[in-house]
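Trainee: Could you walk me through this one? I would like to begin with how the terms are used and then go residue by residue.
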Amino acid sequence: MDNSRRLLILYGSQTGCAQEVAERIWRESKWLHYSGPVLAIDDYPIDKLIFEKKIIFVCSTTGQGDQPDNMKATWKFLLRKNLPSSSLTNVEFAVLGLGDSSYVKFNHVAKKLYRRLIQLGGKPLCDIGLADDQHDIGAFAVIDPWIDNLWNVLIEKHPLTDGLTPIDRNSLPPPKWNVHTSSSNISIHTSDKLPNNDLLKPNSTIVTCLSNTKTTAENHFQDVRLLKFKYSENSINYSPGDVLMVRPVNSEISVNNFFQLLNDNKNMKLNPTTILNVTQCSNDMPIPYNLCKPFTLYQCAKYYWDLNIIPNRYTFQLLSYFTDNELEKEKLKEFTTPEGQDELYSYCNRPRRTILEVLADFPHATAKLSLEYLFEIFSPIRPRAFSIASAPSVHINEIHLLVAVVTYKTKLVAKRTGLCSTWLASLNIGDKIPVWIQKGSFQFPYSQSCNVIMIGPGTGVAPFRSFVHEAVANKCGNAQTLHLYFGARNRLGDFHCVNDWEKLVADEKLSLYTAFSRDQDHKIYVQHILEQNEEELFKLLSTKECYVFVAGNAKDMPTAVKNVFINILTKNKHLNNIDMMETKGFYQTETWS
C-alpha cells in the first residue's frame, strides 16, 4: 500500500455514536483512495503512533468530562509528562468531538486531546470539530460540515498522484461488509437471540425482573416505573452515582412494519426467516461480534438495527443514490445541502420522524435498496444509561431503576415512543435481560462532616435515592447534612418513592424540601424553594465541605438552579463561585435531553 494514502481513524466511544461516525469517515475516505484501519483508540498499539502520517480522532466525553472506556489506557499514556515534545512531529491529525453543551465540561476530552497532540508536535489538518447534542438537528449540525471540510483540506494538502483521480463524491460509497443470503440448511429459530457481546463487557451480568411498579397515579399524564431487578451475588459491583447500561430490543409492531416495507423491494427476495451471512470487504473494517455467525433477518430487525432512530443527513444522501424517481432524488439531495438543513429539521427532527417512516415516504428508494446497504441505512441499537436508584448496602443483590416512559405527540399521526423506556415498561416479573455497570457523572462524598445539597426533580431523584440510603446505612449522613430538593407536578400524582423519603424524614436521616408545581394557583418549581431557603443554603455553602448535586431534564431546570446558587454566593460575597465549585467537584450536574 502507498503509505501516503494511509489514513488511520481512531475513536473513543462509550455508547457507539463516535464509532458510527468514525466508520462513516472510513467509508467516505475511499473517495480519495485512502486505506487504513478504523479502531477503538485502545485497540491501536500506542507505540506505533509516531510512525503514522495522518490520524483522524473521533471521541466523545462522558460523565464530568471523562474519557470513554475504550481510550482510557491511551489517554493515560498521552498525558505522561516525560513524552518528548517532538514525539508526533511527523503526524498530521484532526479531532472531532461529540458532546452535550448542557454539561459544564462540554467536549472536554476532544479539546484536551487536541491541545495535547499539538504539545507533542502534531500538526492539525483543520480546526477541531465540537458537535453538540443540544443543537436543533443534533450533533450532525457540526459533524456533516466538518467531515466535508476534512476531505477538502486533504485533497488540497495531499493531491492524488500516479494518475489517480477522486471518485465522484456523488457516487455511492462502498458498503462496510459483504452480505449474502445463505443457501445452507442451517436451522435458526426466530425466537433465538443474536450472540450478545454485552455480556463480555466488564461488570456485566444477567438480571431478573422482580417488580415493575408504576409510581405515578392512574390519571397522571406520565407513566413512570420503579423497576427492581435481582442479580446473582458478586456478579456485579456498583456504587451510588453509577449507571446501569441497557440495550433494548425493537417492538413486534416495528419489526412487522419493517418487513412490510420490504414487500415492494424487487432487488431482495427477503422474509423473516432469510438467513444472512456477513463477510469482510476489508481487514480494516471488522465484523461486529453479534453478526459473526449466520443469523436470520428477523433477528437482525429485532435485536440489532434501531428501527426507531431518527435518520441523519447521511441517510438521505445514501437513499438519493438508489431512487429512480426524479422528485424523490431532488428532495433527498436537497436535504443533504447546507441550504436544505432547515427543511430537513422541519421534516425529520422536529416531528421526530423515524427511519421506518422516512423509508415509507420514499418508496422508490426503498424498493431499490440492496442487502449490503441495509447495514448502512440502519444503525445498531445503542445502549441506554439509567441512573441507579438502589443502594448496594440496603437493597442486597438488587438494582433499581426509575424510568419515565417516553411518549408524546408531534404533527405526525402516530404518537412518538421511546424505544428503551417502552421496552423496559413492558417487562414482566421473571424476564431476564443482560446489563452492565458503568461509572456515572456523580462522585458522592462519604463523610460525617460533609453537607450535601441534592436537587432532583422528577426521575432526576433516582441517583439521590441510591446515595441517601447508602450514606445513612454507613452512618455518613443525617437530617443535618443531607438536604434533598424534589420537584414534581402533584403530591398525589408523581411524588416518586414517597414512602422512602417520608420514612427517612421521620427517622431524622434526611431534610426534604418539595415543590409541586400544579398543587396551587401559581406554579412552584425547585428553584423557587431554593430561593426561599437562601439563608440556610448560604450557611451550608459556607461550611468547609459542601457539595451540590443537580440531576434532571436539561431544558430549563439546571440553568435556573445554577442562577439561584450564583445569586446566593454573589449576594453574600462568598469567596467561592460556581466555576470554582465545579472545577473542584463541589458542584456537579447530570442532565439529559
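Mentor: Let us start with accessibility: buried means under 20% relative accessible area, exposed means over 50%, and partly exposed lies in between, with a 1.4 Å probe and protein chains only. This is a predicted model, in which local features need pLDDT of at least 70 and side-chain atom pairs count only at pLDDT 80 or more, while totals for chains, interfaces and linings use all residues. Residues are numbered from 1 along each chain as its sequence is written, and side-chain values use heavy atoms, with hydrogens and water left out.

Trainee: What average pLDDT does the protein have?
Mentor: The average is 91, and 98% of the residues score at least 70, where pLDDT is the predictor's confidence in each residue, from 0 to 100.

Trainee: Is Ser 254 buried or exposed, and where is it?
Mentor: Ser 254 belongs to helix H5 (residues 252-262), and it counts as buried because its relative accessible area is 14%. Setting aside residues up to four places away in sequence, Ser 254 touches Leu 307 and Leu 356, contact meaning heavy atoms within 4.5 Å.

Trainee: New topic: what does UniProt list as "binding site"?
Mentor: The unreviewed UniProt entry lists Thr 459, Ser 517, Arg 518, Lys 523, Ile 524, Tyr 525, Val 526 and Gln 527 under that name. UniProt positions are given in the numbering used here, feature names are shortened, and annotations may be inferred rather than shown by experiment.

Trainee: Where does Ile 524 sit, and what does it touch?
Mentor: Ile 524 lies in the loop between strand E20 (511-516) and helix H16 (526-532), and it is buried because its relative accessible area is 16%. Not counting residues up to four places away in sequence, Ile 524 touches Ala 515, Phe 516, Ser 517 and Ile 529.

Trainee: What about Tyr 525?
Mentor: Tyr 525 is placed in the loop between E20 and H16, and with a relative accessibility of 33% it counts as partly exposed. Leaving aside neighbours within four places in sequence, Tyr 525 is in contact with Ala 515, Ser 517 and Arg 518.

Trainee: Which residues does the FAD-binding FR-type domain cover?
Mentor: The unreviewed UniProt entry gives residues 202-445 for "domain: FAD-binding FR-type". Over residues 202-445 the chain is 31% helix and 21% strand, and the end C-alpha atoms are 25 Å apart.

Trainee: How do H8 and H9 cross?
Mentor: The axes of helix H8 (residues 326-335) and helix H9 (residues 341-349) come within 8 Å and cross at roughly 105 degrees. H8 and H9 are therefore roughly perpendicular to each other, since angles of 65 to 115 degrees count as such, under 35 as roughly parallel, over 145 as roughly antiparallel and the rest as oblique. Lys 331, Glu 334 and Phe 335 of H8 make the contact with Gln 341, Glu 343, Leu 344 and Tyr 347 of H9. Axes here are lines fitted to C-alpha atoms, for helices over the stretch in contact, and angles run from 0 to 180 degrees between N-to-C directions.

Trainee: Last one: where is Phe 106?
Mentor: Phe 106 is in the loop between strand E4 (92-99) and helix H3 (108-119), and it is buried, with a relative accessible area of 17%.

Note on methods. Helix = DSSP H or I, 4+ residues; strand = E, 2+ residues; numbered from the N terminus.
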